[in-house]
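Take a look at the structure below. The walk that follows goes from the whole chain to the sheet, then to helices and single residues.

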Amino acid sequence: MNSNMNEDIKLLFIIVDRKLTDKVLADLKENDAEFFQILYGKGTARSEILNLLGDNETERSIILCFVKEKHVSYVFDMLNTKYKFNKPGKGIAFTTSLKSISGPLALNIISKNI
Amino acid sequence: MENNIQYELIVTILNQGYAEKAMDAARKVGARGGTILTARGTATKKLEKKYNFVITPEKEILLILTDSKQRNDIMKSIIEKVGLTTKGSGITFSIPVDEVLGLSLISSIPSSLDTNNKSKSYLDSKYDNLYISTGSINETAKKDEPEVIENEAEPQLEETIEPSAQPQEDIQAVEYKESIDNDKLNAFMKSKK
């Protein structure tokens, strides 16, 4: 039972500009993502203009949340249309699968509708 | 398009200040970009009890998302530069990633120039122009690092060797006259003795 449930849930990483975090969070809540955690980091990607100005770093935030596998495509579509993740430098999103969870209660918190 | 290439997330945990060196090492092998997080280690409980004050080992976490073909090269070059044997004391591991959004550029370039060497040379030449345009800044930054290390290493050797070979007065004489030949120096030494 549990193994089947766990396969259904994905951990979603979203790396965006720090200014956009609140907007992205609000949109993610509409798309059935759960249990948000935010990390603050900085990007190291080089772009020509930034290099000329002497800035190689940009402030980024990483949003961790749990999404059901069915909803991943909806979330990605939303990120594509609203925030244009297809274009370089706008942001990156990716999912990893979960191996195990610390119990049924934690599973409920992570995914309310299962 | 993006489903054809498998991606992996390379996570490296380093001492603070070494994440950018690791990123430079990864860039040489073909990584495009990464994000740096600041973190805090927890491995010094014994030391805290010994010395009675709190030690917070500051760490950095570097996340790089790459094609799984490039993964081995990137991890190797990172470990060579800031592995556990160096001051960076870095640990790297990779996590499989299921679906990716936002790396359209990376997937499009290798497919158009699929032969391995050509794609790399294309990228290199592209970045070479970049280095030239901002060359003065980059070169000074790069040249500073190894010089500092060499200066740290060399004086220790000189200090250990010279005092045993020569008395202290003679060291000063040698330092002032650096261009003296060995024969003249020996004659100078003999005259003093």
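This is a predicted model: local features need pLDDT of at least 70, side-chain atom pairs count only at pLDDT 80 or more; totals for chains, interfaces and linings use all residues.

Residues are numbered from 1 along each chain as its sequence is written, chains are lettered from A and ligands numbered from 1 in the order in which they are written, and side-chain values use heavy atoms, with hydrogens and water left out.

Start with chain A. Its secondary structure consists of five helices and four strands. Helices (H or I, at least four residues) and strands (E, at least two) are DSSP runs, numbered from the N terminus. Read from the N terminus, the elements of chain A follow the order α-β-α-β-α-β-α-β-α. Of the 114 residues in chain A, 43% count as buried. Buried means under 20% relative accessible area, exposed means over 50%, and partly exposed lies in between (1.4 Å probe, protein chains only). Now consider contacts, meaning heavy atoms within 4.5 Å. Among the contacts in chain A with a separation of 6 or more, 72% come from residues 24 or more positions apart.

Next, the sheet. Strands of a sheet pair through backbone hydrogen bonds, either parallel or antiparallel. Two strands pair here if DSSP finds at least two bridges between them. Nine strands build an open, antiparallel sheet, in the order β4(B)-β1(B)-β3(B)-β2(B)-β2(A)-β3(A)-β1(A)-β4(A)-β5(B). Which strands form the edges? They are β4 (91-96) and β5 (99-101) of chain B, each of which pairs on one side only. On average, neighbouring strands of this sheet are turned by 25° against each other, direction ignored.

Follow some of the pairings. In chain B, strand β1 (residues 7-15) and strand β3 (residues 58-67) pair in the antiparallel sense over nine bridges. There, L14(B) has E60(B) in β3(B) as its bridge partner. In chain A, β1(A) and β4(A) run antiparallel and are joined by seven bridges. I14(A) stands opposite A93(A) in β4(A). A93(A) also stands opposite L101(B) in β5(B). The strands β4(A) and β5(B) pair in the antiparallel sense over three bridges. Is β4(A) mostly covered or mostly uncovered? Mostly covered: five of the seven residues of β4(A) are buried.

Helices lie across these strands. Axes are lines fitted to C-alpha atoms, for helices over the stretch in contact, and angles run from 0 to 180 degrees between N-to-C directions. Helix α4(A) lies across β1 (9-17), β3 (58-68) and β4 (91-97) of chain A together with β5 of chain B, and runs at about 150° to β3(A). Helix α1 (residues 19-29) of chain B lies across β2 (34-43) of chain A together with β1, β2 (34-40) and β3 of chain B. This helix runs at about 20° to β3(B). The buried residues of α1(B) include A22(B), M23(B), A25(B), A26(B) and V29(B). Just after α1(B), G30(B) takes a positive phi of about 125°.

Two helices of chain A also meet. The axes of α2 (residues 21-30) and α4 (residues 69-83) of chain A come within 11 Å and cross at roughly 140°. That makes α2(A) oblique to α4(A). Angles under 35 degrees count as roughly parallel, over 145 as roughly antiparallel, 65 to 115 as roughly perpendicular and the rest as oblique. On the α2(A) side are K23(A), V24(A), D27(A) and L28(A), which meet V75(A), M78(A), L79(A), K82(A) and Y83(A) in α4(A). Six of these contact residues are nonpolar, none polar and three charged. Ala, Val, Leu, Ile, Met, Phe, Trp, Tyr, Cys and Pro count as nonpolar, Asp, Glu, Lys and Arg as charged, and the others, Gly among them, as polar.

Finish with single residues. R60(A) lies in strand β3 of chain A. Why does R60(A) count as buried? Because its relative accessibility is 16%. T66(B) sits in strand β3 of chain B. At 4% relative accessibility, T66(B) counts as buried. F35(A), in strand β2 of chain A, counts as partly exposed at 41% relative accessibility. Its phi is near 55°, a positive value in a residue other than glycine.
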